[in-house]
Amino acid sequence: MRTQVAIIGSGPSGLMLGHLLRQAGVDAVIIERQSSEHVLSRIRAGVLETVTTDILEDLDIAERMRAEGLPHDGFNLADGERLIRIDIKALTGKQVMVYGQTEVTKDLIDAAPSRGLEIVWEADDVALHDFESDAPYVTYRKDGAEHRVDARFIAGCDGFHGPSRKAIPEAVGKGFEKVYPFGWLGILSDVPPCNHELIYANHENGFALASMRSMTRSRYYIQVPLSDKLEDWPDEKLWDELCRRLPPEGAANVTRGPALEKSIAPLRSYVFEPMRHGSLFLAGDAAHIVPPTGAKGLNLAASDVRYLSQALIAWFEKNDGDALAAYSDKALARVWKSERFSWQLTMLMHRFPEDGPFDRRIQIAELDYVATSETARRAIAENYVGLPL
Ligand code: FAD
Ligand code: DHB
């Protein structure tokens, strides 16, 4: 098979990139290791910045999001019993959209056939070849047969564990990493959310987050030690601990229900530089990971593919390689600012096992500063809604 851009990975970055290219008449094929059912069963991010909602709008794939998504004007930080509202609408003029990554992915997959975007599902042993040349290709196995896709460029949109970043020789790239000593235990349940806005809570037992997918579906997280297993957290114990950690306004309104999904995700900050090597471009989690505290992961994937699609389209339409040459630096400038914000909010809202009374006093002082300074709240709001492209 021959195409113009071979995209590895059918997560949000691969799907958005594929659609943006197809909309401009550029040919693209997505090669994905998992089945579509598996991809659609993953419960991940829930908060979309305008950088992401604008892509769905521009692609004319936003109808369901507009009907079912929940625009939010603010969110809350809690320190023990104290609730600090960040009025993002008043402070920035913008909102965020609560609409799950699962739904975004579903809308993009459903629209693929009518837009001429081919997705190869269940491709095994995906490998990248000759991407230091102008004629790279991707090979994979499916149904017992070997396949080859020749392309002008390869887009590595295959997440943190995919083959694209790993294919770049060590001598030409560098990873920057910070691993946190805890994970997030998440539960999804068909019960009404405990509050109409999100609550990020710092409690002496650890962090908790009250989020939602709709007015009838809640998403909650609590910080747990990395050594904890799902078996350590039967539903009732999880609900009890969540209610202990949320401020009274939230805890009093928690409705308990059976878990539709429960999982533990480790927290990590990671950036790989540069995001290009030859004819291979990295986007999304393939190039960087943020701890989920700032809700930035999916939104960074969106800004990467916005830049990358514009650069690829300029190359195919006008034979202009300037934007492709600038892609890595441009994307990384935004990535590092989101890394900084996610790290800062993670440090502010979690309890670290190694922290002493000094570190805790600093958290209290910072939260008090946020509560009493509009300037501090504006800085948080500006980052939360997403920095300009
Ligand atoms: P991915 O969504 O990881 O997609 C990569 C795709 O590549 C996958 O479909 C994968 O199957 C495919 N792939 C991998 N290897 C291969 C291969 N060898 N061959 C072919 N295809 C391959 N962000 C938030 O903002 N809030 C959250 O609450 C949140 N929770 C998360 C929970 C978990 C468990 C994880 C892993 C991430 C979470 N994130 C969260 C981050 C957010 O989901 C990601 O930033 C987002 O999914 C990035 O999109 P992506 O398309 O770059 O990568
Ligand atoms: C959700 C996840 C986040 O990391 C976050 O900051 C906000 C919401 C969620 O899954 O709903």
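**Notes on the predicted model and its two ligands**

1. The structure holds 25 salt bridges, a salt bridge being a side-chain nitrogen of Lys or Arg within 4 Å of a carboxyl oxygen of Asp or Glu. One of them joins the side chains of Arg-268 and Glu-177, at 2.5 Å from N to O. Arg-268 sits in strand β17 (residues 261–273) and Glu-177 in strand β13 (residues 174–189), so this pair ties together parts 91 residues apart in sequence. Helices (H or I, at least four residues) and strands (E, at least two) are DSSP runs, numbered from the N terminus.

2. Some housekeeping before the ligands. This is a predicted model, in which local features need pLDDT of at least 70 and side-chain atom pairs count only at pLDDT 80 or more, while totals for chains, interfaces and linings use all residues. Residues are numbered from 1 along each chain as its sequence is written, chains are lettered from A and ligands numbered from 1 in the order in which they are written, and side-chain values use heavy atoms, with hydrogens and water left out.

3. On the record side, an unreviewed UniProt entry carries the annotation "domain: FAD-binding" over residues 2–342; UniProt positions are given in the numbering used here, feature names are shortened, and annotations may be inferred rather than shown by experiment. Over residues 2–342 the chain is 33% helix and 32% strand, with its end C-alpha atoms 40 Å apart.

4. Now ligand 1. There are 29 residues around it, and Ser-13, Glu-32, Arg-42, Gln-101 and Asp-285 come nearest (near means a heavy atom within 4 Å). By class, that shell has 12 nonpolar, 10 polar and seven charged residues; Ala, Val, Leu, Ile, Met, Phe, Trp, Tyr, Cys and Pro count as nonpolar, Asp, Glu, Lys and Arg as charged, and the others, Gly among them, as polar.

5. Which atoms does ligand 1 meet? A polar side-chain atom of Ser-13 lies 2.7 Å from a ligand 1 oxygen, an N or O atom in the side chain of Tyr-221 is 3.2 Å from an oxygen of ligand 1, and a polar backbone atom of Leu-298 is 3.4 Å from an oxygen of ligand 1. The protein covers 84% of the 990 Å² of accessible area that ligand 1 has on its own (Shrake-Rupley method, 1.4 Å probe). The elements giving two or more residues to this shell are α1 (12–23) and α10 (297–318).

6. Ligand 2 has 14 residues around it, with Tyr-200, Ser-211, Arg-213, Tyr-221 and Pro-292 nearest. Tyr-221 turns up again here: a polar atom of its side chain is 2.6 Å from an oxygen of ligand 2. Pro-292 puts a backbone N or O atom 2.6 Å from a ligand 2 oxygen, and for Ala-295 the backbone figure is 3.4 Å. Of the 290 Å² of accessible area that ligand 2 has on its own, the protein covers 97%. β15 (206–214) and β16 (217–225) are the elements that give two or more residues to the shell, and β15 gives the most, with three.

7. A couple of backbone spots to look at. Most residues other than glycine have a negative phi, and most peptide bonds are trans. Asp-125 has a positive phi of about 50° although it is not a glycine, and its place is in strand β9 (residues 124–129). Glu-273 and Pro-274 are joined by a cis peptide bond, omega about -5°, with Pro-274 in the loop between β17 and β18 (276–277).

Definitions and conventions. A polar contact is a pair of N or O atoms within 3.5 Å; within protein, one must be able to donate a hydrogen and the other to accept it, and residues adjacent in sequence count only if both atoms are side-chain atoms.
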